[in-house]
Amino acid sequence: MKNIIDYVQDETRTFAERPLGSVDSLIFSQLSYLNFEGYMGSPEQDLPAVLLKDLAAEANREPLCEGVRAFDRNVKLLQAIENSPRFSNIGVNWHICRIDTEREEQFSATTFLFGDGTAYVAFRGTDATLVGWKEDFNMAFSDAVPAQLASAEYLNLIGKKTSGTLYVGGHSKGGNLAVYAAMHCKDKIRSRIAEVFSHDGPGFREGVFGSEEYARVKPYIRPTMPQSSIVGMLLEQHESYSVVKSAQIGIMQHDPFTWLIKDDDFHYLEELDSLALFNDKVIQTWLNAMTDSDRERFVDALFGVAESAGVSSFADLSEDFFDKAKAAMDAVRDLDDDTSRFVSQTLKYLVTVSVRNLKPDISLSSMLQNVRESELWKKFQ
């Protein structure tokens, strides 16, 4: 079965011949992770757009993908795009990338232009920076994190620069930002939005889905998530969503390159698997037992330990790992007794909730036996 690279290679119809769909949206969302800085103007500038086929030229592929997750697959995706009748002549412009440690903000967005006034506004998901992940966790207790506020501002700016139909989307946190931006942009901009795509994007705090702002855009939202979704099931989730089959397992299904395509659309399944539903129940029960101030305190403590260890991105973990691990342990010991006790009790409660939600008729020994007998386990023997 095909993935998004195969789809780009096989699909010969232009967007004029076949309208934008969910698979196209995932491709633009994946492209938003690339290093577009220096290739085009920002929203405040009036520089001309750059065609995807020019960006995908051989000389540009590796610099655009350097440091981006799944480097080789991104290079192959660009290679396929260079000669694609569907994607090669799409323009790219108004890229923004901002990381602000003081505001705890990681925000990036890019606009894809179709030449007839139509635009796809893509919001980047979480990158490898610690501040980006900290901002994600802050969603559990904040009404609006800085990246969400920035997403609405960006969509308003792009709305002024374009005149046609707008599509809005993103993968992971980018999907959350897409929904938030559509909810909170100006009315005249919102009226031009055809669809909003959230690809395995986390949900929102309690109450958002009952708001007037959400009701205005609900008919246009197209949430998709893989069958064992973890990220997409965080916080409260949309009432309805489409489940996509992935070639991977567990958290690795979050990778867009693992989502499977049948004909010219995703290979859909009827429902999430039991693992995703289990994780959702455990995490929701755990979060519901905590106040906003408790959630904030817990997140600050965890990320404070990482910062004390000198970690600013996940790439840092591969450098001087043992020194950073020792620094992290020292930081844990330096926590005051009250904070240390609070973090410990919170984690213990998470474990307790997990155990209580396990099926009572399955023993630990039988679970381990099932693992040992699985094909995946045999591959590692």
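Reader: In which helix is V299 found?
Author: V299 sits in helix α12, residues 292-308. Helices here are DSSP runs of H or I with at least four residues, strands are runs of E with at least two, and both are numbered from the N terminus.

Reader: What should I know before going further?
Author: This is a predicted model, where local features need pLDDT of at least 70 and side-chain atom pairs count only at pLDDT 80 or more, while totals for chains, interfaces and linings use all residues. Residues are numbered from 1 along each chain as its sequence is written, and side-chain values use heavy atoms, with hydrogens and water left out.

Reader: Why is V299 called buried?
Author: Buried means under 20% relative accessible area, with over 50% being exposed and anything in between partly exposed (1.4 Å probe, protein chains only). V299 has a relative accessible area of 5%, so it counts as buried.

Reader: Which residues does V299 touch, not counting those up to four places away in sequence?
Author: V299 touches K134, F137, N138 and F141 on that count, where contact means heavy atoms within 4.5 Å. V299 and F137 are 162 residues apart in sequence, yet their C-alphas are 6.7 Å apart in space.

Reader: Why is helix α6 described as largely enclosed?
Author: Helix α6 (residues 130-138) has nine residues and seven of them are buried, so the rest of the structure largely encloses it. The buried ones are L130, V131, G132, K134, E135, D136 and N138.

Reader: How many helices and strands does the protein chain have, then?
Author: The protein chain has 16 helices and 11 strands. Of its 381 residues, 52% are buried.

Reader: What describes the way α4 and α5 pack?
Author: Two packed helices are described by the angle between their axes and the distance between the axes. Helix α4 (residues 58-65) and helix α5 (residues 71-82) pack at about 145°, with axes 9 Å apart. Those axes are lines fitted to C-alpha atoms, for helices over the stretch in contact, and the angles run from 0 to 180 degrees between N-to-C directions.

Reader: Which hand does the crossing of α4 and α5 have?
Author: The crossing of α4 and α5 is right-handed. A crossing is left-handed if the near helix is turned anticlockwise from the far one by less than a right angle, and right-handed if clockwise. On the α4 side the contact is made by R61, E62, L64 and C65, and on the α5 side by F71, N74, V75, L78, Q79 and E82.

Reader: What makes F28 and F112 a tilted pair?
Author: Rings of Phe, Tyr and Trp (its six-membered ring) pair if their centres lie within 6.5 Å; planes under 30 degrees apart are stacked, over 60 edge-to-face, and the rest tilted. F28 and F112 have ring centres 4.8 Å apart and planes at 40°, so the pair is tilted.

Reader: Why does M225 count as buried?
Author: The relative accessible area of M225 is 1%, so M225 is buried. M225 is found in strand β7, residues 221-226. Leaving aside neighbours within four places in sequence, its contacts include D200, V244 and W259.
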